[in-house]
Every structure is written in C-alpha cells, then in structure tokens.
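Please look at the sequence and the structure shown here before reading on.

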Amino acid sequence: MRVFSSKNSNQSVQMSSWRDALPVIFGIAYVLIVFLLLRNLSRADLWFPTYSSILFSLFVFSPFIIFALKIPLELRIVLIAIIGLVLMPILGMQDSFYLELITQIAIFAAMAIGLNIVVGFAGLLNLGYVAFFAVGAYLWGIFTSNANTIVRVTGAQAAPELFWLFIFIGMILAAFTGILLGFPVLRLRGDYLAIVTLGFGEIIRILVSNLSNISSNRRNPINITNGAQGLPGIVSPPLPDFAFQLVESLTNGLGLPVNNPRAFTYQLFYYGLVLVVCAIVALLAARLDNSPIGRAWTAIREDEVAAQAMGVPIVKMKLLAFALGASFAGAMGVIWSARNTFVSPESFSFIQSIFILAIVIVGGMGSIRGAILGAAIVTLLNLLVLKNFSLQINALRNIDWVVPIIDFPIRNWPQQLEPARYERFVFGLLLILMMIFRPSGILPAKRRQMELQREEEISEQEIAADAATLKPEDLLGAQPQQAKEKP
Amino acid sequence: MTAILRPEDITANKLISSAAEWTLQYVLKPIGQILLFVFIAGGSISLLALVVGFVLQTDWHGIDILRVPARINLFEQVLRQLPNMLLDGITIGFVYAVIALGYTMVYGVLKFINFAHSEIFMLGAVVGYEVMMRLNEAELLSSLPPLLVVVLMIVMAMVVCGGTAVIVERVAYKPLRGAPRLVPLISAIGVSFFLTDFVRAFQALNRNVFNMPYLTDRVPFFNERIVFAQGVSTTYTTVIIIVSAIIMLVGLNYFVNATKIGKGIRAVSQDQATASLMGINVNQMITITFLVGGALGGAAGVLFGLKTTNITPYVGFIPGLKAFTAAVLGGIGNITGAMLGGLLLGMLEAFFSALLPYFPALGLGYSDIFAFAVLILVLLFRPTGLLGKKVDEKV
C-alpha cells in the first residue's frame, strides 16, 4: 500500500476499498460459476466425465483459492463455510459420488496430517503408516461384524452407540501399536527405519489376512479377521430420528429428492464427522508444531546429535511423534470402517502407505495446509480424474470419435491402457518429479522455508509482511509523525 | 572372497605371477568360501530344525497349544524333510544372495537404499520370459540346447537390467545427490512404482498378459530329476540356478578385487572425496556400480523365474525385501556378507515353509512374516550385520 499525499487521501481510501472488493468479487464469482456449471452438468453428455473431473476439481480447490485471496479473515471463513456446509451438500444431493469423494479427501487429509507429524515434523520416514489405519479399522470391524468367531460365538458385539467411544479406543490402540513398534526401532537411522516400518506394515497386513479359519485351513476354530474375504456388515452409529426427517424435508424442500434418504443422511453425517475430525487434527498439529514439542521435533529432524546435546529427550520425542501420528490414523480407521461397512486386507497394502506419503510430499513435508491440498490433489487424481479419464475414453470409443488435428481414431487406443488401472505409474512419476523439481512440496512449511533461506532474505520478507499487514488508516494516521521525523 | 570395504585389500591386490596362483586366488578361494557359507547356513538350519522337531515331538503333558495332531512324529518328519529343505534353501538362498549384491553394492558406494532394485529384478524375470517366448515363437526353444537358452536369457536380462539401472540412476538419483537422505529414497520408491506399472503396461500391450508363466515344461531338460538318494532329488533347474549363481559370485569377486575398475569402486565406497582427488572418476564408478548391480539383479530375476515358473509385474516386491533383509543380515555394504545373508535367509525360508504346514493354527500364509521379523531382530541386536564392522556415524 502506497502512502498517498494528504491532498487526495480521501480518494485513495475509496480507491483502495474498491480494489479490496475485487478479490471478494472474484472469489464469489469463481465459486458461483463453478457451482452452477456443476449443477447443470448432465450425465447424458458425451463429455460428462471430463467436465465433471475439471469442474469438481475446480470446486474442491475453491476453498484454497479463497484462502489465498487478499480478503479479511472473517469473510474468508464465512465463504469457506458456505462452500463446505451449503454448496457441497447440495452437490451431494445431485450426485452422492461427489459427497463420497470429498469425504475420502478429508479422511486422507487427516491421515496425511498424522503422517506429517512423523515424516514432516520429526523427520522419521514411515512406510507402514497404513498399518495404524488398519488397527483402527479392524478394531471396529472385529467388534461389530458378525462374520468372525468373537462376535458369533461369544455374542460380544459392540453396541453401535459405542462408536464414539471406539474412536478413542482406536486412537489409544493405534498409539500403543506405534509405541510398540517405535520403541525398538527408533534407534535406527532414517532409511533403515523406513524399511523396518515397511516390514511392520506388511506384517500387519499378513496378520489380518491370516487370522482366520479360511486362508490356512478349516481345522482352526478361531476366526478373528475373516481372512482375505474381509469383514462385512460393520455397523454405523445410530442417528436421532429428527436428523433423518430434517434431511428428507431439506432435500424435498430444495427440489432435489434423493433415492435413499437414510443412506444419504449417513453420507452427510460422515461428511460432517470427517470434516470436524480433520479440522481438529489440523488444529492440533498446527499447535503442536508451534509448541516446544514441535521445536524439539524440528531439532531432531535437523541434527539429532546436536538436539541430544541441547537436552532434547530424543527417544521420548520420537515415540511421541510416532504415537500421535498413529493415533490420528487409528481414529480415522474406526470412522472409515463404519462408513465403508466393510474392511478387507486389500485396503491396507503398501500402495496405500505410499498413497498417503505421496499426499504429504506433494503438499509439502511439515506443512499442514500442504497436507490438505495434497490430499485434495492426490485423491482427486486417483479417484476422479484417472477414473473419469477411463470412462471418457470408453464413451468416445463407443461413438468412434477421432481426435482432431492429429487424426487419431480413439478406438485405436488400446483397451489395456486404461488410465484408472495405472495409478502406480502416475504416483511413481509424481514422487520422482516432486523429489527432483520441488522436494519441499507445493505449499512448503514456513519453518522449513525459513531454514532454507539466508538471513537477509528473511528480514526482507518480514519487513514486507509487516508492511502488508498495515492498514491504510494506520498509514494515514502515522503520516503526521513521519512528516515530523523528516529533516 | 573378501569384503570390498577393507583397506588392506587394496595393498593385498598384488600381481599374480602364475596361472595356478591366479586360479587359487580368484576361483578356488571364493568357491571355497561359498561352500563354507553353504555349510554354515545349512548346518545352523539343520540344528534349528532338529531342535524344533525334538521340542515339538516331546510330550509336554498333554499341552497342545499348537494343535499338532498327535499321530505325526514331527522329529521324524523333520529328519525326512531335511535334505530337500536344505536343497530348497540353497537354491532360493543363492537367488537372494545375487539380488542382495545389488543392494549392498549401491549402498556401499552411495550410502542409499536402492528401493527400485526389486523392480530391476522383476524386469530381469520378465526379460527372461520374453526371450523364452520369442525363442518358442521362432520354434527354437526345443531345438536349441537348454543351457544355451538359459545363457541367452541371462545375458539378455543382464543387458536390459544393467542398462535400465544406469538410466534410473541418471534420471532419478543423480540430480538428488547431496540432498537429505530421505529424498533419494522417496525417489527410489517412485521409480519402483513407475517401473512396476511400466512393465505391466508394456506386457499388456505386447502380449495382453499379466501372469507370465515360464515355458519350462516345453523343455524336458528343466524338469528332469536328479535322484541323490531315496526321497532326495532335485531338478536340473536347481543345478542351473546354483551353478550360475556361483559363477556370477566368483565373477563379481574377480571384478571387484582384481580389476582396476573394481579398485576404483572400492575406493569410492571408502571415501568419495579422496577418491576423486586420486583421479578416480566418481560418477563413472557410480554408473558402473549400478550397471553391475542391475545386471546381477536381472540375472537373479531369470533364475527366480526358472524356479517359480510363474511371474507377474508385482513379483519383485517380496523377494526384493527379503534380499534387502539378507544384505542387512550379512552387513550392508559388504559383498561377502550379502552372500552369507542370502544363504541364511534362503535356508530360513525353506525351514519355515517346510514346518508351517504342520501347524494348522498358523499355515503357510505366515511364511513371509519371518523375513521381516529377521530384519527387525537383526537391526535391533546387531545393526551392522553378521560380517559388518562397527562404523561410527559422522557428525
């Protein structure tokens, strides 16, 4: 903001307020246009998969764009709340797939924040993170699905109301597992630790796919996890009746009746729940990062020996990072299994761990905003863009479409090359490219940025940041003083 | 065979005057060492098997935790299975040893776990399959001598995999040299994923296959059995695997300990900066390390394919992890250690595979856990491995 001469100060205030309104108008216009375009999409359209990938991605990124705009914080929060609490559910009524997708993004975001504590803050590469997720998911699954012996024989089925309690039990159990794993292996150096955690993740996966009477043979009477077939029929917590009525009247009132109001209410419930958990986790991680604990983690990450010399209790801090990261995954595991109503070992394979790691790396190690943005990018890429790309190719193949300019008939595109089936290819490439060109991620953590810069640059930036936070009226008020100081 | 990291090796590298001495130094000595390792590994596993068999066979006053049916005498079972178990262990152990060499060489030179090595190994198995299929299509598979077929497969796999390893190093690791430790590791994970699906896509387009069964049944030679004693027999494939693995190990020993390039690699692994001051082209040495490691991985892939006879693009992950465990078990960065580790791990695997079916409560599904358990135990109690030396980390 420039300091104008007192003569046209009045004008300048007007001008600046007009300029201040620009980002607000831009933000609202962006959200509205994307939303309305999405509302008017028709599934019958030939290009529906492409349009819906692009528009829904733009819609998911709208909170990030609004957050980056130069508008007052309160207004930003109001706008983001409108997007999340009004526009998104309306889109969900139109097509529940969108609601499912955004719930997945929030689940992965919360897990990525948890992994961020381990990898980004404390610098311990954990390649078996999904194991803690499995602990939470199987905890709720074992106690509510009647496919296993524990429930079938002893009848010790957990009441659905206990879901809320089990979120905390899942957290504690996952944290305990994290400590159990961390205690022996945390002495190891970074790359060894990575491989050991990978092995641990595989051990958990092998355990859950074998703790049954199916995979090995029938002579084993105890069936805990139902093997590779997985546990079906996992229950959701009960919701009060008025919630169903409210949702039904809302959908009918908006003229968007859904096929199954009960299922849709649960979808909305899980959407809200994971958003809340995600927000809590993000807040917790942000507070931790700025606490003495977070600084101890940074010290360990940057130089373990020096940190030890300065009196940082290394083992305790590392264990804390492991346990906290694990507990987030454990809580999400319980919620995920209840939402999914089914768990099987396939969901906890190595590629899932890498998937979460890719989120952290794309977003920026140690950056919480980055983890959320990374979750949006990577999940959209995996569950929306690649899938819709396949659908689009199939749709175009059906009408014998020819790519213009290069004259490539789409039916010549080999059937085997379905983009949706090559997620490893895409994520492998993503990891390599990120490491080579932008190892600090899209939204690098501020502290890391500071560590990587020279001192003069920081001080310059700080001055610039201070100047940016000054409001025009401050400057105007300060003018006489400045004038006095001038010789 | 001697370790690459020992400083005294460089001075010990004296001129060998006579052919007899040369043979002794570079052929007989390493073979003797390999045989010694086979005996150590086999002996320890036999001992373990006998003790376990004895313990299980003893009547512990009716306590039947493991639910072993009473009529099976486990001690006798173990004794009867021991020879085949040892043969099996040696075969798979040599395959692990050859893969582990790739991990250990790269670790020795760059201090970095080449996570993509398991996919290089998988690529070798796929190349072997391709060669076999091409020969079959040209109707040469049954007319060519089987040994020539194997040599062709191994050589092609070595060429392709060595080249791929060098390209991977150039593209994905070289730009990251000097970055924090985790950065190249993550890049290597990326390469591993990329290669898996790249090969999958390639084979889907090429032959529209995912499972790639080796055509070993088309050549009777591969399945002919050599009977040593009653109930103890093996196929020629096993012999081929063991012999070619030994040839490769001996060749690598010669390469690392007796050639100028080998000396350069050892120098780089000891101290990169000083090596470059001595006029050694460090980049070239790293490239050669990847070339040799990749070629060995590719060859191991062919051997693995011959043994399991069915491969997929996802086949590299578990053997890769086991080979890495072998490298750690023997002492990572140490070539001799990788061999010992590989053999021990192969024996352990054979032992568990033979024993687990007797425990209905467990079953074969658990046989992969043991490798990770070994890895964790080794890192806990002896992080430097069996043959590794304690190296203080530089501050």
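Predicted model: local features only at pLDDT ≥ 70, side-chain atom pairs only at ≥ 80, totals over all residues.

Residues are numbered from 1 along each chain as its sequence is written, chains are lettered from A and ligands numbered from 1 in the order in which they are written, and side-chain values use heavy atoms, with hydrogens and water left out.

Q: How many residues does chain B bring to the contact with chain A?
A: Contact means heavy atoms within 4.5 Å. Chain A supplies 48 residues to the contact, and the number from chain B is 53.

Q: Which helix gives the most residues to the side of chain B that touches chain A?
A: Helices here are DSSP runs (H or I, at least four residues), numbered from the N terminus. Several helices of chain B each supply at least two residues to this side, among them H5 (146–173) and H12 (317–330). The greatest contribution, 17 residues, is that of H6(B).

Q: How many salt bridges are counted between chain B and chain A?
A: A salt bridge requires a side-chain nitrogen of Lys or Arg within 4 Å of a carboxyl oxygen of Asp or Glu. Between chain B and chain A the count is 0.

Q: Which residues form the side of chain B that touches chain A, by class?
A: Ala, Val, Leu, Ile, Met, Phe, Trp, Tyr, Cys and Pro count as nonpolar, Asp, Glu, Lys and Arg as charged, and the others, Gly among them, as polar. On this side of chain B, the division is 40 nonpolar, 6 polar and 7 charged.
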